[in-house]
Amino acid sequence: MTSAVATGTPTSQRRIAFATIIGTTIEWYDFFIYATSAGLVFAQLFFEPAGKDIALLLSLATVGISFLFRPLGAFLAGHFGDVLGRRTMLVITLVLMGVATTLIGVLPTFAQIGIAAPILLLLLRVLQGLSAGGEWGGAVLMAVEHAPADRRGRAGSWPQLGVPLGFLLASGMTALMTGVISPGAAYLEWGWRVPFLLSVVLIFVGFVIRRSVEESPVFAEIAERGKQKQVPIIALFRRHWHLVILAALVFVGNGTLGYMTTGGFLNNYAIAEQGLDRTVVLVAAAFAALVWFCSTLFAGYLADVIGRRNTFLIGFALQALVAFPIFWLVNTGGLLGLYTALVLISTGLGLTYGPLAAWYSEIFPASIRFSGVSITYAVGAVLGGAFAPMISQMLLESTGTTAAVSWYLLLTTLLGAAATLCLRDRSGIPLGPDHEAEQARGATIFTPYESVREPVAQH
C-alpha cells in the first residue's frame with residue numbers, strides 16, 4: 001500500500017464490496033421499514049387520538065425528527081472513526097440500529113399504554129437516526145479507501161447500493177405481510193411487527209460479515225504514524241466549513257426527491273388519494289428500488305468515465321425534467337402511471353447518488369475524512385430529506401394540488417445542481433496522509449488549486 005493508491009487482491013476487493021453492501025442493506029432496511037410503516041399504520045396505532053389528518057402528519061414527522069439526530073450520530077461516529085478506525089464504528093452502528101428496530105417490533109400501541117407508546121416510538125426512532133448518521137461515512141470510506149484511484153466511483157457505489165436494496169427489502173417484506181401473510185385487519189393487528197422483528201437475524205449476519213473485513217488502508221497508515229487528530233471535528237469546521245455546506249446542498253438535491261418514495265409520501269398519496277391497493281403500491285415501490293439499484297450501479301461506473309460532477313449534473317437535469325410529470329402520471333395514469341413515475345424518479349436518484357461516496361471521499365483530507373463525509377451527509381439529509389414527506393403533505397393539504405409539491409422538488413433540485421457547479425471534480429486525487437496538503441486545498445471553485453500530479457486517465 002502507498003499513500004496515493006490503496007492496493008489489494010481481487011479477493012479482498014470482493015470481500016470489501018460484499019461487506020459494505022450487505023451491512024448497508026441491513027442498516028437501511030431497518031431505517032426504511034420504519035418509514036414504510038409510518039405511512040401505512042403508525043398514524044392509526046400510535047397517533048389516532050389526534051384525528052386522521054393530524055395523526056398522519058405526526059406519523060410522517062417522526063420520520064423526519066430522526067434526521068435531526070443524524071448529525072449527532074455523524075459527529076460521534078466521525079470523531080471516533082477518525083480516532084479509532086472505520087471498521088469499529090461500522091460494527092457499532094449496525095448493532096445500535098438493529099436493537100432499536102427490534103424493540104419497535106415489540107412496542108405496545110397507544111391503545112395499550114397510552115401516551116407512553118408514541119413517546120417510546122419516537123425515542124427508538126431517535127436511536128435509528130443516531131445509527132444512520134454514523135453508518136454511511138464508515139461504509140463509504142471502507143469501500144473507497146480500499147479501491148484503486150481509477151475505480152473509486154464504482155467502489156463507492158457499493159455501499160450506495162445498500163440503500164435501494166434496503167428499500168427493496170423493506171417494501172418487499174411489507175408487501176408480503178399486507179398481501180399474503182397478514183392481509184387486512186391482521187396486518188394492523190400484528191403483521192406490521194414481523195418486518196421489525198426480522199432485524200434480529202439480519203443483525204447477526206451483518207455483524208459477522210463486518211467483523212471479517214480489514215481496516216481501511218488509509219486509516220491503518222494514519223494510525224501507524226500516530227497522525228490521528230485528537231478533535232477532528234474542530235479541524236473540519238475551522239478550515240472546511242464552506243465545503244461542508246456546499247457538499248451538503250448537493251445531497252439536498254438528491255434527498256428531497258428521494259424521500260418522496262422512501263419517506264412514504266408518494267406511497268400514501270397513491271393509496272389515499274388515488275385509491276390504489278396498498279400491496280400493489282408496495283410492489284411498485286419495490287420495483288422502483290430495483291431501478292434505483294441499477295441506476296446507482298451505472299452511475300458509479302459513469303463517474304469513473306466522465307467524472308463525478310458531470311454525472312451529477314446529468315442526474316439533476318433529469319430530476320428537474322420529471323418534477324411535474326411524476327404527479328401528472330400518478331394522477332391520470334393509474335397503476336401504469338405510478339410505475340412510470342417511480343422509474344423516472346429512481347433513474348434520476350441513481351445518477352445523483354451513485355457518485356456521492358467517491359466525490360465526498362475525495363474532497364476531504366485524510367485525517368478528518370470520516371468526520372467530513374459523515375457530517376456533510378447528515379446535514380444534507382436533514383435539509384433535504386428529513387421533513388420532505390411532511391412538507392409535501394402540508395403543501396398538498398393547504399393547496400389541494402400537487403403543483404406546489406412539484407415546485408418544491410424543482411427548487412431543491414436546482415439548489416443541488418448549483419452547489420454541484422461550485423465544487424471541483426477531484427477524481428483520482430491521492431487519499432493517503434502524505435497528500436493532506438493537496439487534499440486540503442482547491443475543493444471548491446472559489447479557492448485556488450494547482451494539482452501536483454497528472455490526472456488519472458479516464459477510460
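Phenylalanine 237 counts as partly exposed in this predicted model, with a relative accessibility of 32%, where partly exposed lies between buried (under 20% relative accessible area) and exposed (over 50%), for a 1.4 Å probe and protein chains only. Residues are numbered from 1 along each chain as its sequence is written, and side-chain values use heavy atoms, without hydrogens and water. Because the model is predicted, local features need pLDDT of at least 70 and side-chain atom pairs count only at pLDDT 80 or more, while totals for chains, interfaces and linings use all residues.

A search of the whole structure finds 19 aromatic pairs, in which rings of Phe, Tyr and Trp (its six-membered ring) have centres within 6.5 Å, planes under 30 degrees apart being stacked, over 60 edge-to-face and the rest tilted. The table sets out two of these pairs.

| Ring pair | Centre distance | Plane angle | Type |
|---|---|---|---|
| Phenylalanine 42 and phenylalanine 46 | 5.3 Å | 90 degrees | edge-to-face |
| Phenylalanine 75 and phenylalanine 237 | 5.9 Å | 10 degrees | stacked |

Phenylalanine 75 lies in helix α3 (residues 70–83) and phenylalanine 237 in helix α12 (residues 232–258), so their pair ties together parts that are 162 residues apart in sequence; helices are DSSP runs (H or I, at least four residues), numbered from the N terminus. Phenylalanine 75 is partly exposed too, at 28%.

By contrast, phenylalanine 42 is buried at 0% relative accessibility, and phenylalanine 46 is buried at 1%. Being four residues apart in helix α1 (residues 10–46), these two are separated by about one helical turn. Ring pairs also link Phe42 and Phe46 with Tyr34, Trp192 and Phe196 into a cluster.
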